[in-house]
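Thanks for coming. I have one model to go through today, so please bring it up on your screens.

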Amino acid sequence: MSKYKVELNGFDINKCEKLNHQQMMELLSDYTKTKDEKIKERLIYANLKLVLSLVQKYHQRIDNLDDLFQVGIIGLIKAIDHFDVTLDLRFSTYAVPLIIGEIKRYLRDNSPMRIPRSLRDIAYKALMYTDEFTKENNREPTIEEISNKLSISRELLLEAIGSTYSVTSLSQEIQNDGTSVDLESQIKDTRNNYKEVNNKLDLSNALKHLDEKENLIIRQRYYEGQTQSEIADELFISQAQVSRIEKQALKRLQKYI
């Protein structure tokens with residue numbers, strides 16, 4: 001699924017039929033009554049972009065996104081088969097938790113770590129209850145609500161849920177405002193030595209030579225870890241402007257240091 005472009009048997013996903021809410025409800029109603037496979041196929045194709053948008057969120061946790069996409073389609077099919085057209089509910093609201101549930105189950109079952117069976121059972125029960133609760137209440141349950149339902153401690157529940165997360169290498173690259181950085185380089189070195197103290201003093205003095213906006217952007221980017229997009233939204237300017245100001249400020253810092 002290179003660059004999220006998906007083709008199914010030569011069919012470009014971008015050419016899938018687009019259905020509005022009313023059309024979707026009419027087709028789902030017809031399928032509920034007839035169980036016509038052609039209607040079901042039409043519904044599946046019309047919602048492939050929904051599956052793809054959810055799969056994209058897990059691109060850093062798995063190498064083969066094609067498999068994950070197929071798993072997401074299983075969740076979509078389950079949503080189509082079990083959707084209640086009498087409810088005042090958008091199909092996507094109902095389908096998303098089921099699709100994500102299938103994706104998380106797949107990631108958990110294919111985790112490279114060996115997880116105790118007892119924790120996997122708790123995680124599975126928590127996931128099933130979360131799906132059920134979300135359908136009935138249109139929101140996900142809190143940790144406290146899940147722990148009360150399963151009659152287990154909050155700590156054990158968090159451990160079980162945490163066991164479903166996949167392992168990520170520190171050398172794995174991540175995207176940050178269009179540039180690739182490895183996770184290891186983002187881990188702060190807390191060692192305190194003479195050279196580091198001098199560097200901090202030099203940087204502190206150099207920051208005084210920046211104007212107010214440059215100083216603010218540098219501190220938000222490198223002290224608070226905000227992205228250029230987040231800063232742009234906060235300052236009501238474009239990301240391109242933030243990028244330009246940041247580069248200009250870094251050049252001035254380099255000059256003074």
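Predicted model: local features only at pLDDT ≥ 70, side-chain atom pairs only at ≥ 80, totals over all residues.

Residues are numbered from 1 along each chain as its sequence is written, and side-chain values use heavy atoms, with hydrogens and water left out.

First, the chain as a whole. Of the 257 residues in the protein chain, 36% are buried. Buried means under 20% relative accessible area, exposed means over 50%, and partly exposed is in between, with a 1.4 Å probe and protein chains only. The accessible surface of the protein chain is about 16700 Å², and 49% of that belongs to carbon and sulfur atoms; areas come from the Shrake-Rupley method with a 1.4 Å probe, and for residues only the protein chains shown count as cover. Take the contacts, meaning heavy atoms within 4.5 Å, between residues at least 6 apart in sequence: 57% of them join residues at least 24 apart.

Next, the aromatic rings. How many aromatic pairs are there? The count is 3, where rings of Phe, Tyr and Trp (its six-membered ring) pair if their centres lie within 6.5 Å, and planes under 30 degrees apart count as stacked, over 60 as edge-to-face and the rest as tilted. Phe83 and Tyr94 are an edge-to-face pair because their ring planes are at 70°, with the centres 5.5 Å apart. This pair links distant parts of the chain, 11 residues apart: Phe83 sits in the loop between helix 4 (65-82) and helix 5 (91-109), and Tyr94 sits in helix 5. Phe83 is buried at 5% relative accessibility, and Tyr94 is buried at 10%. The rings of Tyr129 and Phe133 have centres 5.8 Å apart and planes at 50°, so that pair is tilted. Both of these residues are in helix 6 (residues 117-137), 4 residues apart, or about one turn of the helix, and both Tyr129 and Phe133 are buried. Phe83, Phe91 and Tyr94 make up one aromatic cluster.

Now the cores. A nonpolar core here is a set of buried Ala, Val, Leu, Ile, Met, Phe, Trp, Tyr and Cys residues joined through side-chain atoms within 4.5 Å. Which residues have the most contacts inside the largest nonpolar core? They are Leu28, Leu43, Ile80, Phe91, Ile99 and Ile103, in a core of 35 residues. At least two residues of this core come from each of helix 1 (21-34), helix 2 (37-46), helix 3 (48-55), helix 4 and helix 5. Helix 5 supplies the largest share, 8 residues. Another core, of 9 residues, lies apart from this one and includes Leu119, Tyr129, Ile146 and Ala160.

Ile99 is worth a look in the viewer. Leaving aside its neighbours within four places in sequence, Ile99 contacts Leu50, Val51, Leu54, Gly72, Gly75 and Leu76.

Arg105 is in helix 5, and at 14% relative accessibility Arg105 is buried. Beyond its neighbours within four places in sequence, Arg105 is in contact with Tyr124, Leu127, Met128 and Asp131. Asn47 is in the loop between helix 2 and helix 3. Is Asn47 buried or exposed? At 6% relative accessibility, Asn47 counts as buried. Setting aside neighbours within four places in sequence, Asn47 contacts Met24, Leu76 and Phe91.

Last, two backbone angles. Most residues other than glycine have a negative phi. Ser151 has a positive phi, near 55°; Ser151 is in the loop between helix 7 (143-150) and helix 8 (154-162) and is exposed, with a relative accessible area of 65%. Phe236 also has a positive phi, near 60°. Phe236 is in the loop between helix 11 (228-235) and helix 12 (239-256), and at 75% relative accessibility Phe236 is exposed.
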